[in-house]
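Please keep the sequence at hand as you read.

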Amino acid sequence: CASINTSIQKQLSLKNCGVFVTDTFQVTNIGAKKKLDVLKGEFKQDFWDISQEYYQWQKKDNSKNVDYSALVYEWQKNNKINESTKLIEYSDHVLNHYEREPYYKKLTESQKAQIVYDLIVKTEKVIEELQPTFVWCLEKSYSVKFIAYIICKNKGIPFLTLIGSRIENLCYIHPCFGMGGEELTLGKDRIEKKASIDKAELYIKNTIQNKKSELYASGTSKRKENIAKGTLGMPEGFLVNILSRLKNRDSREIKGNNIYNGSWFLRFCYMIFKQLRILRFRFFGDYHHTEARLDKKKYFLYPLHARPESSILVLGNGYDDELAIQNILTFLPLGVCLVLKENPSMVELRKASFYKKFKNNKNLIFAPTLSDSRALIEKSLGVISISGTMLLEAAILGKPAYAIGNPEFVECLDGHGIGGLKRFLIKASNQAIIPRRQAVKNYLSYIFSSSQEIPWKRRIMLANVESRNKYSDLIAKMFVNYYETKL
């Protein structure tokens, strides 16, 4: 981020720039903190972090003495902010860690409110000090980015996010923290070059013809491949993980209280259970799989999400899989069932209690984890998800697709939000939905004309200095072009 900032500063001839470091890992991990100190020396720009706030959170009785929920509400009211603070709280994987417990501790409502309020105050202070031309971030995760987006929106400061398009390795700039819905319609007032339109048409054609294609090489697809090969959960890897945890149990974290992370022993036990679930799956397969022939059933497909991740936390509008499934089952037409497809990334994480909630529902079927997603989509009445990539795949294939949340490709879908779910289920059951082929082509043509192929995430960070500078300049140019041409 600091390297990208330097390039943006040069290209726009800005006086100064800054980096706001808000990951608690940078505060608690010894190695990460040392690297951050090195970066501060290498890049001549302002750096802020949340170390002071973090150590304030460790005081056990601190959140009990102040009504932080009231302070957050007062902030909302004074700034005329409509977004729910619960959505801000919900958008962070630490505050809503799901199956990663006890890797993270459970926090009280007052502790959560204190964290949200402190992040609001610190973010406002940083923005006030820097007076930025625009604010940017990578990816749509973590509550502090959501907070910054809301503050910038209220102050009229452009907030730009570089996100993965879910098409190949293409990334593009989104002006609404990666959220779709009513905030952004990519097809509005837009004329694409013929080359990108042709490329979109070819991509749709190839996707339809290639029965085994996936839109991009995600972590989920790689995990599925490892499971199929039998390389996941090998005994030697299990032993290496245990020995590594034992060796490094006290060396990675700064000493002191920590309300975020669970105890070392509980995290160690958590890792053991993860490995045992992998081994169980490897040798015994899905214990939750429902024995049912889908070829004789009418069904909607619901792919379960990996979590915690941004597709639920940021794009979910406060909904998770459990709540979404309950709503779908409530409105499901007579004679139609709902098929759940497990995410391969959750093999070692999902607890048995999740499956038991739905096990006895006669209208619900669990498909095998390694079942062919493409075949399930094609035979279904339609796909419903919070904001998963399978929705985009279904739309490209011409199948009805409905999002409970707000994915960035919402214009390709047949609706979104809870309000229209019942109507969608009825229309799709009667095969009365017309495929949104033009909308899909418009979206893809925008992606092909406005994106760049970038080796995403850690691959950039782990690259050598030359590669890092190369991609920093490329990403900076994307931000600068968007700023100069659209803002």
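## About the model

This is a predicted model, in which local features need pLDDT of at least 70, side-chain atom pairs count only at pLDDT 80 or more, and totals for chains, interfaces and linings use all residues. Residues are numbered from 1 along each chain as its sequence is written, and side-chain values use heavy atoms, with hydrogens and water left out.

## The five-stranded sheet

Let us begin with the sheet. Five strands, in the order β8-β7-β6-β9-β10, make up an open sheet with parallel pairing. Strands here are DSSP runs of E with at least two residues, helices are runs of H or I with at least four, and both are numbered from the N terminus; two strands pair if DSSP finds at least two bridges between them. The edges belong to β8 (364–367) and β10 (401–403), each with a single partner strand, so one side of each has no neighbour in the sheet. On average, neighbouring strands are turned by 25° against each other, direction ignored.

Strand β9 (residues 382–385) runs parallel to β10 and is joined to it by three bridges. Helix α19 (residues 421–429) packs on the sheet, where it touches β6 (298–303), β7 (336–341), β9 and β10; contact means heavy atoms within 4.5 Å. The direction of α19 makes about 135° with that of β6.

## Helices α8 and α9

Now for a helix pair. Helix α8 (residues 109–130) packs against helix α9 (residues 143–155) at about 50°, and their axes are 10 Å apart. Axes are lines fitted to C-alpha atoms, for helices over the stretch in contact, and angles run from 0 to 180 degrees between N-to-C directions. The two helices are therefore oblique to each other (under 35 degrees is roughly parallel, over 145 roughly antiparallel, 65 to 115 roughly perpendicular, and the rest oblique).

On the α8 side, the contact includes Val116, Leu119 and Ile120, while Ile147, Ala148 and Ile151 are among the residues from α9.

## Two residues with positive phi

Most residues other than glycine have a negative phi. Arginine 166, in the loop between β4 (159–164) and β5 (170–174), has a positive phi of about 70°. Arginine 166 counts as buried at 9% relative accessibility (buried is under 20% relative accessible area, exposed over 50%, partly exposed in between, with a 1.4 Å probe and protein chains only).

Phenylalanine 177 sits in the loop between β5 and α10 (194–209), with a positive phi of about 50°. Phenylalanine 177 is buried too, with a relative accessible area of 0%.
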